Amino acid sequence: MKCKSCGGEGYHKLSCSHNPDRQPNIPMEQTKEYINRYGDKFTFSLNEQGNVDWRGSFKYCRMGYDRDSDEVIMVDPSGGPYITIDYPLEVAGIDRKVVGFKSHTDTHWDILLEPTSPNVL
């Protein structure tokens, strides 16, 4: 059966209001953890700019680049999570779309998110 809210077939996307694991807003002091298929731990924490600090093991990691510029549009550490622009950051329980990335060498990435609407808390 298809969910009328998110379109998921037999499941609910993390952003779906019907998903019991949904966390639409992560408080700044809170961190969401993600364990990939190899057991590597990644953390997602909101920073003061309203973006996300993404920390974990990036030793083996693919990056995709925009063909017209040198901007990173996709980051995929071995074992996941695969994160790309123009999609909500569901793996961290955030409904806002990813608009870019900023690398901090091997330590972490800043995931740049679309600005929040002034009408949304």
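1. A word on terms to start: rings of Phe, Tyr and Trp (its six-membered ring) pair if their centres lie within 6.5 Å, with planes under 30 degrees apart counted as stacked, over 60 as edge-to-face and the rest as tilted. By that rule, a search of the whole structure turns up five aromatic pairs.

2. A note on the basis: this is a predicted model, where local features need pLDDT of at least 70, side-chain atom pairs count only at pLDDT 80 or more, and totals for chains, interfaces and linings use all residues. Residues are numbered from 1 along each chain as its sequence is written, and side-chain values use heavy atoms, leaving out hydrogens and water.

3. Back to the rings. A pair of aromatic rings is described by the distance of the centres and the angle of the planes. For F42 and F58 the centres are 5.5 Å apart and the planes at 65°, so the pair is edge-to-face. It joins distant parts of the chain, 16 residues apart: F42 belongs to strand β2, F58 to the loop between β3 and β4. (Strands are DSSP runs of E, at least two residues, numbered from the N terminus.) Buried means under 20% relative accessible area with a 1.4 Å probe, protein chains only; F42 counts as buried at 0%, and F58 at 7%. Ring pairs also link F42, F44, W54 and F58 into a cluster.

4. F101 and W109 make another edge-to-face pair, at 6.0 Å centre to centre and 85° between the planes. Both residues are buried. Beyond its neighbours within four places in sequence, F101 has contacts (heavy atoms within 4.5 Å) that include W54, V72, M74, I83, W109 and I111.

5. Which residues touch the most other members of the largest nonpolar core? They are F44, V52, W54, I83, L89, F101 and I111, out of 18 residues. Such a core is a set of buried Ala, Val, Leu, Ile, Met, Phe, Trp, Tyr and Cys residues joined through side-chain atoms within 4.5 Å. The elements giving it two or more residues are β2 (41-46), β3 (52-55), β5, β7 (98-104) and β8 (108-113).

6. Now the strands, which pair if DSSP finds at least two bridges between them. An open antiparallel sheet runs in the order β4-β5-β6. β4 (61-65) and β6 (83-84) are its edges, each with a single partner strand, so one side of each has no neighbour in the sheet. Five bridges connect β4 with β5 (residues 72-77), and Y65 has V72 as its bridge partner in β5.

7. Finally, β7 and β8 pair in the antiparallel sense over six bridges, with D110 in β8 as the bridge partner of K102. Their hairpin has three residues between the strands, and T105 there takes a positive phi near 55°.

Definitions and conventions: Helices (H or I, at least four residues) and strands (E, at least two) are DSSP runs, numbered from the N terminus. Buried means under 20% relative accessible area, exposed over 50%, partly exposed in between (1.4 Å probe, protein chains only).
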